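Trainee: Could you walk me through this one while I have it open on the screen? I'll just ask things as they come up.

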2 protein chains.
Amino acid sequence: MNELTLQDVRDALARIQPHITRTPVLTSARLDELSGCRLFFKCENFQKTGAFKARGATNAVLSLTAEQGARGVATHSSGNHAAALARAAALRGIPAYVVMPRTASAFKVAAVERYGGEIIFCEPTHAAREAAASLIVRETGACLVHPFNDPRVIAGQATAALELLGEAPDLDVVFSPVGGGGLLAGTALVVSALRPGARVFGGEPEGAADTARSLEAGTRTPVDRPASVADGLLAFVGDLTFPIIREKVSGVVTVAEAEILRAMMLLIEVMKIAIEPSGAVGYAALSKRSSDFKGLRVGVILSGGNMDLAGIPWASSRPAP
Amino acid sequence: MNELTLQDVRDALARIQPHITRTPVLTSARLDELSGCRLFFKCENFQKTGAFKARGATNAVLSLTAEQGARGVATHSSGNHAAALARAAALRGIPAYVVMPRTASAFKVAAVERYGGEIIFCEPTHAAREAAASLIVRETGACLVHPFNDPRVIAGQATAALELLGEAPDLDVVFSPVGGGGLLAGTALVVSALRPGARVFGGEPEGAADTARSLEAGTRTPVDRPASVADGLLAFVGDLTFPIIREKVSGVVTVAEAEILRAMMLLIEVMKIAIEPSGAVGYAALSKRSSDFKGLRVGVILSGGNMDLAGIPWASSRPAP
């Protein structure tokens, strides 16, 4: 595979633009005051399907040839990528097969069903998911669209940063959450190309800090049993995303569960927007290290807004009034 | 007092415009589909202080003469009006005295403190609040700004509907929550003047349905011990607001607690915006009666977004997936 370039990202944006939302870049005097920075929030919570994942999935699906597309697409991710892939497939009128563990929350199942995804339930083990996905691909000839370790997906996710720099061209720093690394790698690709002096940081839950650990070790290093309220960020950084991150990202800041929930609650209370825990992790990381960026212009990607209102331990971590 | 006119509302908007947010009018294909209507949401959750109350309080404070203003303003409302009045006073550099029951939530106290309001705590009875407020007014000469029963406040709240009709001029119906009636009366004033064929409805919690009851009786009729999760709508409709409502409003739809929470959760989950229970009551009322408005263009005022995240019984009323 050739190396991804800014042109690939521009092509992706042209391809997906009719089908996605150009999400707003919001600011808040109160959050500026709290951080000492000038913050520019790229609000992917307002993206189609409620998360940036619509960008990468749509780019991947629209990049398929007619022949490939006709056989449909498949994934065994059960989060925002699954809903995004189902929606993208529906745009092309092709099937999307989504393998989900039978223990998946009603909230996640409903999101995939809403966009017409065909759900295949399996036992809640990694092996069962891979086996079920392989079977589907063999039976249908569907194209497996990986949630992050795919150049078309990385180029799609990168379009969020392209739009952000279009509206706030003179950023000094950009923060993004990191799970499997598609969004962070794509962001770093765009920022390093368009604004080489700016630094890009990832935010990662302490309980799933494989990317921070991998950067320290210089090689991809998983963590045992990743766990966090930020359930969109549990994946192990990919072998396509990690090299980009290692080359172009200035660092990954890890954050505790309480820091994630506090960031999420501040965003909800001050900005009056819905944010899921994973979506707040870039802001949590910036908040933790804001003293390093005093007076600077900082872009923060808020990656998703699919709050499962029944599932969040609100009361335990209220910010002080 | 002379009757309020559209010109008063236009004057109010000119007066407050530099100090308030022109909030967006958002739409949602999914909520349109659920209701069968074409919905236009006026998002006052994004208003300064998180609620439409900033409009009326700012108009009242900026309408004071220099001499009146110098003595400050006072209120014994402890909700969004108190924070809005504190902010409006700060804009003029004058004191705002806010009488609050000592049992008020930390959330509400913090909101008033944030804008520099001077809080006077009292016993949690209506008599104690009135007494404390009277004392403050006697001691300081401050001007008492009522949260709704004041023509300057009604004219200010009416500016939300003026902006809404500016962006969606051909509405057939407009829904607004009703507590003391400032927002509903102001909305009806504007809609009846600018679009006489359109109908205006209020949404009111069943547990605080004094306005619905008053309309039935033809005269202001309180309810005993009003109670609702929509804590911004417990006030008894005012003697200035009720006549406007009786003359210009087509009806008040009462909604159960579960209907309010379901509406709130739908708005959060689908539109990715923060909404407080009171802010969702207009939408809850429209949802309950949507079959009466099939195919029509319906404006819905979402009046506030100050969600107290620790205080809402989420899990008990999840919408079906």
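Trainee: Leaving aside its neighbours within four places in sequence, which residues is B:T21 in contact with?

Mentor: Keeping in mind that this is a predicted model, B:T21 is in contact with B:F46, B:Q47 and B:K48 once the neighbours within four places in sequence are left out.

Trainee: And where is B:T21 found in chain B?

Mentor: B:T21 belongs to the loop of chain B that lies between α1 (6-16) and β1 (25-26). From its C-alpha to that of B:F52 the distance is 9.8 Å, although 31 residues separate the two in sequence.

Trainee: Staying with chain B, what is the order of the strands in the open sheet, and is the pairing parallel or antiparallel?

Mentor: The order is β5-β4-β3-β6, with 4 strands in the open sheet and parallel pairing. At the edges are β5 (118-122) and β6 (143-144) of chain B, each of which pairs on one side only. Further in, strand β3 (residues 73-75) of chain B runs parallel to strand β4 (residues 96-101) of chain B and is joined to it by 3 bridges, and in β4(B) the partner of B:A74 is B:Y97.

Trainee: Which helix lies across β3, β4, β5 and β6 of chain B?

Mentor: That is helix α7 (residues 126-140) of chain B, which runs at about 160° to β4(B).

Trainee: Switching to chain A, how many residues of strand β2 are buried?

Mentor: In strand β2 (residues 38-43) of chain A, 5 of the 6 residues are buried, so the strand is largely enclosed by the rest of the structure.

Trainee: What does β2(A) pair with, then?

Mentor: Strand β1 (residues 25-26) of chain A is joined to β2(A) by 2 bridges and the two run antiparallel, whereas strand β10 (residues 297-302) of chain A pairs with β2(A) in the parallel sense over 6 bridges. You can follow this through A:K42, which is the bridge partner of A:V25 and is itself bridged to A:I301 in β10(A).

Trainee: How about chain A as a whole, how many helices and strands are there?

Mentor: Chain A has 13 helices and 10 strands. Its radius of gyration is 18 Å, close to the 20 Å that the globule rule gives for 321 residues, so chain A is as compact as a globular protein of that length. Buried residues account for 56% of the chain, and of the contacts between residues at least 6 apart in sequence, 73% join residues at least 24 apart.

Trainee: Last topic, the two chains together: what rotation superposes chain A on chain B?

Mentor: A rotation of 180° does it, with 0.0 Å of shift along its axis and an RMSD of 0.0 Å, and the two copies are thus related as by a two-fold rotation axis. In chain A, the C-alpha nearest the axis belongs to A:I273, at 2.1 Å.

Trainee: How many residues of chain A are in contact with chain B, and which elements give two or more of them?

Mentor: There are 21 residues of chain A in contact with 21 of chain B, and the elements of chain A that give two or more are α6 (106-114) and α12 (257-271). The largest share, 4 residues, comes from α6(A), and the side of chain A that touches chain B divides into 15 nonpolar, 3 polar and 3 charged residues.

Methods:
Residues numbered from 1 in each chain as written. Chains lettered and ligands numbered in written order. Predicted model: local features only at pLDDT ≥ 70, side-chain atom pairs only at ≥ 80, totals over all residues. Rg over C-alpha atoms; globule rule 2.2 N^0.38 Å. Buried ≥ 20, exposed ≤ 12 C-beta atoms within 10 Å, placed from the backbone. Contact = placed C-beta atoms within 7 Å. Pairing = 2+ DSSP bridges. Axes fitted to C-alpha atoms, helices over the stretch in contact; angles between N-to-C directions. Least-squares fit on C-alpha atoms with pLDDT ≥ 70 in both. Nonpolar A, V, L, I, M, F, W, Y, C, P; charged D, E, K, R; others polar.
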